[in-house]
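Open the model in a viewer and keep the sequence panel beside it. The stops below are given in the order in which to select them.

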Amino acid sequence: MKSGRSTGMRLRIPKSVAFFFAPLMILLGSVAAYAQEGAQFIPIPVLQFGLGVAESPRDVATTLQILALLTVLSVAPGIILMMTCFTRILIVLGFVQRAIGLQQTPPSQVIVSLALFLTLFIMAPTWNKIYDNALSPYLAGTVNSAQAWEGTINPIREFLFKFTRQEELSLMVTMSKMEQPRNTDEVPTRVLLPAFVLSELKTAFQMGVVIFIPFIIVDMIVASVLLAMGMMMLPPMMISLPFKIMLFVMADGWNLVVTSLLRSFA
């Protein structure tokens, strides 16, 4: 036994664990020092809310404007998504999931994330126009707010008109009881938006029916084979599910679905 060396066992902590716990230990030590010594090197913010009496009509108007802004911000994400291709993509991907028979695979978070990324990819040209014609000049101070709004809404209306069916647009114009517009400039945005959403729903369901057809054929074939073999107590879905997954994988289904979605917005 060599001298000068301890025979006891040493506990070695991995570097990754040490790097993870080091900031936490430093933070806890600082908080402890602040609590014990009353040091002032860690400022703790205080959040306060208060209600007061309006002293002038301008105060009331400002309060109402803040409430209106908060209301608009709460529904703004949904409004923005409904003005893009997100609706069609999400519905079609949902049809794919249900046609295969997988209720939780892939998870809903993955489906929604894929729909968002495809929406960003498809809407990039429109948003680039908005940035070049509205946001960038407005931040530079070369245009006012009204001109910036025009530069924002015009590319969006161009996209909406491109993928809005004539039947849905005529329906919304008729239901709004307005005069027949002579061109697209006379169609209000409040009429164009619901017509676009209806068109997207119709297109998405049409694509979903096409997606369902091959999987329904697989279910019918499996059910017929089981019936011919006398296995009436065996659920056909239990047998057809692996075959549908194999068919989807061999046909490179995700590539076909995403390609069809991208080409539908070309």
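**Whole chain**

Bear in mind from the start that this is a predicted model. Colour by secondary structure: the chain shows nine helices and zero strands. Reading along the sequence gives the pattern α-α-α-α-α-α-α-α-α. Of the 266 residues in the chain, 26% are buried. For contacts between residues at least 6 apart in sequence, 67% join residues at least 24 apart.

**Helices H3 and H8**

Select residues 86-100, which form helix H3, and residues 236-250, which form helix H8. Two packed helices are described by the angle between their axes and the distance between the axes. Here the angle is about 135° and the axes are 9 Å apart. H3 and H8 are therefore oblique to each other, because angles over 145 degrees would be needed for roughly antiparallel.

Show side chains at the contact. From H3, pick Val96, Ala99 and Ile100; from H8, pick Leu241, Lys244, Ile245 and Phe248. By class, the residues of this contact are six nonpolar, no polar and one charged.

**Salt bridges**

Side chains of opposite charge can pair when their charged atoms come close. How many salt bridges does the structure hold? There are four; the tour visits three of them, beginning with the one that involves Lys244.

Asp219 and Lys244 form a salt bridge in which the closest N and O atoms are 3.4 Å apart. Asp219 belongs to helix H7 (residues 189-228) and Lys244 to helix H8, so the bridge ties together parts that are 25 residues apart in sequence. Is Lys244 buried or exposed? With 1% relative accessibility, Lys244 counts as buried, because the cut-off for buried is under 20%. Asp219 has 22% relative accessibility and counts as partly exposed.

Next select Glu158 and Lys129. The closest N and O atoms of this salt bridge are 3.7 Å apart. The pair links distant parts of the chain, 29 residues apart: Glu158 is in helix H5 (residues 145-162) and Lys129 is in helix H4 (residues 108-140). Lys129 counts as partly exposed, at 38% relative accessibility.

Then move to Arg182 and Glu186, whose salt bridge has its closest N and O atoms 2.9 Å apart. Arg182, with 74% relative accessibility, counts as exposed. Glu186, with 30%, counts as partly exposed.

**Val191**

For the last stop, go back to helix H7 and select Val191. Val191 is buried, with a relative accessible area of 2%. Which residues does Val191 touch, leaving aside those up to four places away in sequence? They are Met172, Val173, Ser176 and Met178. Draw a distance between the C-alpha atoms of Val191 and Met178: the two residues are 13 residues apart along the chain, and these atoms are separated by 9.9 Å.

Technical notes
Residues are numbered from 1 along each chain as its sequence is written. This is a predicted model: local features need pLDDT of at least 70, side-chain atom pairs count only at pLDDT 80 or more; totals for chains, interfaces and linings use all residues. Side-chain values use heavy atoms; hydrogens and water are left out. Helices (H or I, at least four residues) and strands (E, at least two) are DSSP runs, numbered from the N terminus. Buried means under 20% relative accessible area, exposed over 50%, partly exposed in between (1.4 Å probe, protein chains only). Contact means heavy atoms within 4.5 Å. Axes are lines fitted to C-alpha atoms, for helices over the stretch in contact, and angles run from 0 to 180 degrees between N-to-C directions. Angles under 35 degrees count as roughly parallel, over 145 as roughly antiparallel, 65 to 115 as roughly perpendicular and the rest as oblique. Ala, Val, Leu, Ile, Met, Phe, Trp, Tyr, Cys and Pro count as nonpolar, Asp, Glu, Lys and Arg as charged, and the others, Gly among them, as polar. A salt bridge is a side-chain nitrogen of Lys or Arg within 4 Å of a carboxyl oxygen of Asp or Glu.
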